[in-house]
Amino acid sequence: MATRLGLSLPQGRQYAIGRDVPAVAQAAEDIGYESLWVYERILFPEPATQGLYGIPGRPWPDSYRSVADPLVTLTLAAAATERARLGTSVLVAPLHVPFQLARTLASLDAASGGRVVAGFGTGWSHDEYAAASVAPYERRGKVLDELIDVCHAVWGPDPVAYEGELTTIAPSVVGPKPARPIPVLLPANSPRSLRRLVDRADGWMPVAMGAEALAEQWAKVRETAAERGRERPVQTVLRANTRYTAKAYTGADRAPFRGNVEQIVEDLAAHAAVGLDEILVDLAGSARDAQELKGLAAQVYEGARAAGV
């Protein structure tokens, strides 16, 4: 069975969001992509007080200077498409008020006919946490746990009731409800987050760092699921952050998903062989505009299918 392929939507400042998001979403669905994805960055500190991913001295990429709101972007895509699933990879969940986020996702799922996939993460930027002012960075894991609980409550049958540290919901009717149970996907970057994934989520959302490393991570997820008695399968969506160039990368500069279309397709085939359900191909950051993004998306999709992905 072929690996499902998804495509990132245009959120950067090189795009005209109101025009380009619907156009790219519709083109991607026509090409054959089965899902459309967004990510979240809410600010670009200047000067940066914290390195990228919390690594001291590592600069933030220029593409983070302006990132369109993920849920607004998905709403534009939903209105322009009929079949493609609409996913977040990822929402930095503790930047959001749990009850409000749960309702927004439910409304989007109802409006789109049951196409939302909720990928949640905890993020790493202290500045984003301070700006969002929902909870301190140090409580990010507990906030994520509460948010998942609130989502399941809000998405479930009425009356909805919940009592937590951040959220109190008196017995209430809360609608609209999702068209179907919204899948929750999580990363697993630590033993604690791996246990949370296995115990509480529908699926796993890793970032591509090489096929060999991915295979080792996937084996660990399955081992942990077996140890903890999980019976239902773990859904999987791999995020492939590409760095496209017209010319091929060579030597030490060559890293997974870095290079021309042929090299990106080669990496897709290697990662698909690990056996995950789906690969999200992020081409939007590399493209200069929507026209180039649509062209790259078509070339990568056709190449991947020709390669047996």
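**Loops, helices and buried charges**

Author: Ala48 is partly exposed, with a relative accessible area of 45%. Buried means under 20% relative accessible area, exposed over 50%, and partly exposed in between, with a 1.4 Å probe and protein chains only. The model is a predicted one, in which local features need pLDDT of at least 70 and side-chain atom pairs count only at pLDDT 80 or more, while totals for chains, interfaces and linings use all residues. Residues are numbered from 1 along each chain as its sequence is written, and side-chain values use heavy atoms, with hydrogens and water left out.

Reader: Where is Ala48 placed?

Author: Ala48 belongs to the loop between E2 and H2. Helices (H or I, at least four residues) and strands (E, at least two) are DSSP runs, numbered from the N terminus. The C-alpha atoms of Ala48 and Pro59 are separated by 7.8 Å, although the two are 11 residues apart along the chain.

Reader: Which residues does a cis peptide bond join in that loop?

Author: Glu46 and Pro47 are joined by a cis peptide bond, with omega about 0°, and Pro47 is in the loop between E2 and H2. Another cis bond links Ser89 to Val90, where omega is about -5°. Val90 is in the loop between E3 and E4.

Reader: Turning to H2, which of its residues are buried?

Author: Helix H2 covers residues 70-80, and its buried residues are Pro70, Leu71, Thr73, Leu74, Ala77, Ala78 and Ala80.

Reader: What covers them?

Author: The cover includes helices H1 (17-31) and H3 (98-112), together with strands E2 (35-38), E3 (85-88) and E4 (91-92).

Reader: And what does Asp69 do at the start of H2?

Author: A side-chain oxygen of Asp69 comes within 3.0 Å of the backbone nitrogen of Leu71.

Reader: At what angle do H1 and H2 cross?

Author: Their axes cross at roughly 50° and come within 8 Å. Axes are lines fitted to C-alpha atoms, for helices over the stretch in contact, and angles run from 0 to 180 degrees between N-to-C directions. H1 is therefore oblique to H2; angles under 35 degrees count as roughly parallel, over 145 as roughly antiparallel, 65 to 115 as roughly perpendicular and the rest as oblique.

Reader: How far apart are the axes of H6 and H7?

Author: Helix H6 (residues 191-200) and helix H7 (residues 211-227) have axes 10 Å apart and pack at about 60°. That angle makes H6 oblique to H7, and the crossing of H6 and H7 is right-handed. Leu194, Leu197 and Val198 of H6 meet Lys220, Val221, Thr224 and Ala225 of H7. The contact of H6 with H7 has five nonpolar residues, one polar and one charged.

Reader: A change of topic: is Glu278 buried or exposed?

Author: Glu278 is buried, with a relative accessible area of 0%, and is placed in strand E13 (residues 278-282). Beyond residues up to four places away in sequence, Glu278 touches a set including Thr3, Ser35, Trp37, Arg85 and Thr236.

Reader: Which side chain forms a polar contact with Glu278?

Author: The side chain of Arg85 does, at 2.7 Å. A polar contact is a pair of N or O atoms within 3.5 Å; within protein, one must be able to donate a hydrogen and the other to accept it, and residues adjacent in sequence count only if both atoms are side-chain atoms.

Reader: What about Asp267, buried or exposed?

Author: Asp267 is buried at 10% relative accessible area and lies in helix H8 (residues 261-272). Apart from neighbours within four places in sequence, Asp267 is in contact with Arg254, Ala255, Pro256, Phe257 and Arg258.

Reader: What is phi for Phe257?

Author: Phe257 has a positive phi of about 65°, although it is not a glycine. Phe257 is buried, at 1% relative accessible area.

Methods:
Contact = heavy atoms within 4.5 Å. Left-handed = near helix turned anticlockwise from the far one by under 90°. Nonpolar A, V, L, I, M, F, W, Y, C, P; charged D, E, K, R; others polar.
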